[in-house]
Amino acid sequence: MTKSKSKTAINCLHGIRALSVLWIVLGHRRFFHLFFPLTNANEINNWLENVRTVIFQTDHLAVDTFFVIGALLLTLSFFNDLEKERVSLWKMYVKRYLRYTPVLAVLILFHLTLFK
């Protein structure tokens, strides 16, 4: 395992993120399989009532960990900038816009063209 080069890095966030991704993928995989048109309704009821499947039924909680990690990193970044006295809300919003807009544009184009 390699250590992060940054002094302010929180290495345990990588493990939390990896576990959350696995949890979400497993939950969504099983969820979509259950509601496939050819699935028996009795199988769905049996699955929902089984105690062992609670980990798959609560995968939406793993999404919350991404929000928490994102908020934590944003807050740490803000406080680091505040210590250096170079806080600019305008610059922060522009960076976020430029980061998310290309991905959103590709997703919209995919849905408008290939997804049909």
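Predicted model: local features only at pLDDT ≥ 70, side-chain atom pairs only at ≥ 80, totals over all residues.
Student: What makes S20 count as buried?

Tutor: The relative accessible area of S20 is 4%. Buried means under 20%, so S20 is buried. Its place is in helix α1, residues 12-34.

Student: How do you know that S20 and T65 are joined by a polar contact?

Tutor: Their side chains are joined at 2.6 Å. The cut-off for a pair of N or O atoms is within 3.5 Å, so the pair S20 and T65 qualifies as a polar contact.

Student: Which residues is S20 in contact with, leaving aside neighbours within four places in sequence?

Tutor: S20 is in contact with A62, T65 and F66.

Student: Why is V63 called partly exposed?

Tutor: V63 has 30% relative accessibility. Buried means under 20% and exposed over 50%, with partly exposed in between; V63 is therefore partly exposed. V63 lies in helix α4.

Student: What separates V63 from V21?

Tutor: Along the chain they are 42 residues apart, and their C-alpha atoms are separated by 8.4 Å.

Student: Why is E85 called exposed?

Tutor: The relative accessible area of E85 is 73%. Exposed means over 50%, so E85 is exposed. E85 is found in the loop between α4 and α5.

Student: What is the phi of E85?

Tutor: Phi of E85 is near 60°, a positive value in a residue other than glycine. Most residues other than glycine have a negative phi.

Student: Which residues line the second largest pocket?

Tutor: Among them are L74, F78, D81, R86, M92 and R96. The pocket holds about 270 Å³ of space. Helices α4 (60-83) and α5 each supply at least two residues of the lining, and the largest share, 5 residues, comes from α5.

Student: What makes up the lining of the second largest pocket by class?

Tutor: The lining has 5 nonpolar, 2 polar and 5 charged residues. Phe counts as nonpolar and Asp as charged, so F78 falls in the nonpolar class and D81 in the charged class.

Student: Where in the chain is confidence lowest, and where is it highest?

Tutor: Confidence is lowest in helix α3, residues 54-57, at a mean of 76. Helix α5, residues 89-112, has the highest, at 90. For the chain, the mean pLDDT is 82, and 94% of residues reach 70 or more.

Definitions and conventions. Residues numbered from 1 in each chain as written. Heavy atoms only, no water. Helix = DSSP H or I, 4+ residues; strand = E, 2+ residues; numbered from the N terminus. Buried < 20%, exposed > 50% of the residue type's maximum accessible area, 1.4 Å probe, protein only. Polar contact = N/O pair within 3.5 Å; in protein donor to acceptor, adjacent residues only side chain to side chain. Contact = heavy atoms within 4.5 Å. pLDDT = per-residue confidence, 0-100. 1 Å grid on protein atoms, 1.4 Å probe; cavity = no way out; pocket = protein on both sides within 12 Å on 5 of 7 lines; lining within 4 Å. Points joined across faces, edges and corners; volume = space filled by probe spheres on them.
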